Amino acid sequence: MGVGLAALTKLAGSTMLDRAGLRRPMQNLLSSATRTGFRAAGAASRGFKSASRGGEATRPAAPGDKGLFDLTPTDEQRMIAETVADFAAEQLRPAAAEADAKLAPPDGLLGRAAELGVTQIGIPEELGGAGTERSVVTSALIAEALAHGDLGLAVAVLAPSAVSTALVLWGDGQQQGDYLPAFVGENVPAAAFALQEAKPLFDPFRPATRARRTPSGYQLDGVKSLVPRAAQAELFVVSAMLEGSGPALFLIESSTAGLTVAPEPAMGLRGAATGLVYLENVRVPAGALLGSPEVFADAVRLSRLGWAALATGTAKAVLDYVIPYVNERTAFGEPISHRQAVAFSVADIAIELEGMRLVTLRAAARAEQGKPYAREVALARKLATDKGMQIGSAGVQLLGGHGFTKEHPVERWYRDLRAIGIAEGMVLL
Amino acid sequence: MINLEPPKKAGALINQAYQAASQVLRPISRTYDRAEHAYPSELDMFAAVLDGLNSSGEGGAGAAGVRRSAESGAADGGNRNGGNLSTVLGTIEMCWGDVALLLSMPRQGLGNAAIASVANEEQLKRFGKTWAAMAITEPDCGSDSAAITTTAVEDGDSYVLNGEKIFVTSGQRADAVVVWATVDKSLGRAAIKSFVVEKGTPGFEVVRLEHKLGIRASDTAVLRFDNCRVPRENLLGSPEVKGFAGVMQTFDNTRPLVAAMAVGVARAALEETARILTEAGVVVDYDKPANTQHAAAASFLELEAAYEAAYLLTLESAWMADNRKPNSLQASMAKAKAGRSVVDITLKCVELAGAFGYTEESLLEKWARDSKILDIFEGTQQIQQLIVARRLLGKSSSELK
């Protein structure tokens with residue numbers, strides 16, 4: 001809230017508000033926003049516009065299909081996954097409890113993640129990134145490895161990649177030229193892929209956020225929920241119902257007039273510093289529309305796939321944590337793991353985890369090969385939602401009262417895993 | 001390169017098995033469910049086709065078993081899709097047709113899997129074409145197979161078997177039975193060996209056939225061995241008393257098969273339920289959130305997700321065997337997940353289909369009866385959980401009982 005307040009002070013003194021006739025509506029909004037926290041203007045965004053104009057969009061090629069069942073990652077994938085797993089163990093896990101309490105990732109973490117190349121790997125070499133071909137599987141392995149460290153921080157780390165991947169997949173030449181150079185530079189901008197809205201039975205295909213055509217582009221109105229690092233993000237990809245068309249994606253820079261943000265702390269994912277993004281009479285140029293109407297379903301699916309991959313990582317963290325615990329904890333004169341009631345719970349965690357991991361990988365492999373994957377994503381999401389939560393709950397249960405305290409990470413994983421099945425957007429593989 | 005699609009080269013086999021299942025097994029499925037203990041003579045001709053498939057060396061659609069022979073090296077940069085995967089894929093299709101009829105398939109018995117898994121080369125040649133059933137369970141010993149009481153006493157060139165075996169699938173119809181017996185009770189599980197006993201051997205008697213909840217087309221026999229003398233070269237594998245592993249190895253190979261059976265039955269029930277729901281105006285949408293869809297559609301998604309996990313766990317365990325990776329853990333995971341899922345799925349499908357699904361007009365009620373055994377034989381749900389738990393927790397069977 002500190003940052004929000006500072007920005008708010010700056011905004012309150014601005015003569016711009018009066019000139020734009022925004023002071024009154026802004027005051028009204030502020031009074032209504034106290035429930036969730038103060039609203040502030042979005043982060044000041046850098047100048048994204050590139051000098052070069054036009055040009056064809058660049059898309060990563062789909063990898064070849066050898067036609068064989070194979071569960072062995074490529075050498076490259078194995079190396080990447082191991083590196084990210086080390087990073088997660090050294091940088092995410094030790095910082096997770098404090099980030100959860102402070103509602104923010106630790107200073108410098110996201111810069112180190114960017115240095116590691118988490119974002120660059122999904123951007124083709126032609127666009128300045130490090131990727132060679134489209135690899136949804138590699139992205140899934142990265143998400144899994146990060147979430148083994150911490151789910152909330154994994155979302156914070158992956159949030160910019162969601163936007164850059166959206167640009168790689170659906171941006172036109174202009175959009176790629178304008179925005180992607182920043183994502184392959186040293187100072188990767190905070191950015192967020194915002195599909196979510198705080199509505200019961202929310203259907204991402206029917207966002208309440210509206211986009212209206214104007215002579216110069218579009219005008220957007222609505223509220224986006226659980227936006228990772230909303231206050232820091234310089235660029236948003238936002239979903240809105242485009243009048244006369246259907247759900248669509250729009251690129252909105254954080255400094256655009258009418259865009260304000262407010263903290264929105266939740267049960268979990270607190271390290272991701274989730275926030276609300278308000279859009280009021282937000283006017284964007286015609287070039288802000290990202291992709292054709294057909295890509296919207298892919299945006300939803302690839303995001304859900306990301307959540308399934310994240311769930312496998314955190315569920316594995318639960319398994320790895322409870323095994324030594326139940327072996328060391330004694331009751332009635334022997335380790336509690338000697339009791340079937342305990343041991344079978346551990347076995348079920350492992351069985352369901354392996355199942356949901358395979359279903360997730362199948363969906364990822366189909367997506368990268370250009371095969372239909374809607375069914376597989378839906379099933380991966382279902383398993384991640386149900387079994388992921390079951391595993392999160394078992395993790396706390398196996399530690400008993402100790403699991404309920406913040407002495408152990410299982411209570412955080414319990415809270416974080418409840419996001420699976422609710423979350424739409426935020427990540428994108 | 002991670003890819004979880006069934007191998008392209010298995011497409012023809014899968015299609016053949018599917019055609020056979022839909023044209024041969026499905027049409028007689030209800031008939032032999034009603035006529036329990038009647039021999040499905042339609043299968044004789046069909047079994048010959050399967051023999052052909054299996055002799056292709058790439059596995060077929062029955063209990064071909066698993067063999068880690070030296071020549072089964074990798075074909076593609078260290079990744080092999082071989083007989084185990086093909087067998088599992090074929091089995092899924094066949095059990096989509098009818099699991100009880102697959103279990104009745106001549107020369108595809110679980111005993112054949114055991115022979116394929118632990119026999120030496122000479123025995124493989126001798127028994128390769130024999131239809132073999134598997135006899136492990138006894139009246140007072142089920143999952144605790146180390147406690148079996150059937151004895152095999154060495155006597156000259158023979159072993160003399162004494163004891164009673166129950167729940168022997170194809171025990172009446174098969175040409176031979178692979179019998180688990182102890183060569184020395186005092187030595188515990190290490191002394192348990194498996195013996196091939198051919199039909200007609202004096203002292204080998206089929207006592208009776210069971211009447212069952214499901215898989216009624218498959219005969220389940222009670223066998224008695226009364227001073228039954230078998231040649232010593234019918235002892236499968238090594239006669240040395242050195243470990244339980246020899247006979248237990250069979251399970252690493254048969255559990256993926258039983259998991260595949262469960263996957264096949266589950267698929268049959270899901271497909272039929274999807275058809276019924278569509279007729280009733282309920283369409284499952286993979287993009288729309290489950291909670292905004294019809295409750296039946298949301299249920300269906302949950303069932304299909306369980307199916308998908310079971311299916312891929314099954315393929316994983318077979319793929320590991322193809323690539324000569326130890327797969328005990330994955331085989332048990334697949335069996336556990338597929339076993340419990342097929343029961344949940346088939347029972348829920350009956351519920352979703354309502355009274356129609358409950359009547360004999362529909363095969364759904366039959367599949368819901370057939371499915372239960374798949375969570376029991378070749379190691380119950382609880383045994384699989386024990387195996388998985390012991391492996392993960394590093395516990396022995398005396399620590400984690």
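Start with where the two chains meet: 41 residues of chain A are in contact with 41 residues of chain B. Keep in mind that this is a predicted model. On chain A's side of that meeting, helices H9 (295-328), H10 and H11 (374-399) each bring at least two residues.

**Where the chains touch**
- Which helix of chain A gives the most to the side that touches chain B? That's H10(A), with 14 residues.
- Sorted by class, chain A's touching side has 25 nonpolar residues, seven polar ones and nine charged ones.

**H11 of chain B**
- Helix H11 of chain B runs over residues 381-393.
- Just past the end of H11(B) comes Gly394(B), which has a positive phi of about 70 degrees.

**H3 of chain B**
- Is H3(B) mostly covered or mostly open? Mostly covered: 15 of its 15 residues are buried.
- H3(B) takes in residues 83-97, and its length checks out too: 15 residues at 1.5 Å each should span 21 Å, and the end C-alpha atoms are 21 Å apart.

**Two helices crossing in chain A**
- Helix H6 (residues 136-149) and helix H10 (residues 340-368) of chain A have axes that come within 7 Å and cross at roughly 145 degrees.
- From H6(A), the residues involved are Val136(A), Val137(A) and Ala140(A). They meet Thr360(A), Leu361(A), Ala364(A), Ala365(A), Ala367(A) and Glu368(A) of H10(A).
- By class, that contact has seven nonpolar residues, one polar and one charged.

**Chain A as a whole**
- Its secondary structure comes to 13 helices and eleven strands.
- The C-alpha trace of chain A spans about 75 × 55 × 40 Å along its principal axes.
- A compact globule of 429 residues would have a radius of gyration near 22 Å, and chain A has 22 Å, so the two agree.
- Of chain A's 429 residues, 56% count as buried.
- Take the contacts in chain A between residues at least 6 apart in sequence: 78% of these join residues at least 24 apart.

Key
Residues are numbered from 1 along each chain as its sequence is written. Chains are lettered from A and ligands numbered from 1 in the order in which they are written. This is a predicted model: local features need pLDDT of at least 70, side-chain atom pairs count only at pLDDT 80 or more; totals for chains, interfaces and linings use all residues. Axes are lines fitted to C-alpha atoms, for helices over the stretch in contact, and angles run from 0 to 180 degrees between N-to-C directions. Helices (H or I, at least four residues) and strands (E, at least two) are DSSP runs, numbered from the N terminus. Two residues are in contact if their C-beta atoms, placed from the backbone, lie within 7 Å. Ala, Val, Leu, Ile, Met, Phe, Trp, Tyr, Cys and Pro count as nonpolar, Asp, Glu, Lys and Arg as charged, and the others, Gly among them, as polar. The expected span of a helix is 1.5 Å times one less than its number of residues. A residue is buried if 20 or more other C-beta atoms lie within 10 Å of its own, exposed if 12 or fewer, and partly exposed in between; C-beta atoms are placed from the backbone. The radius of gyration is taken over C-alpha atoms; the globule rule is 2.2 Å times the number of residues to the power 0.38.
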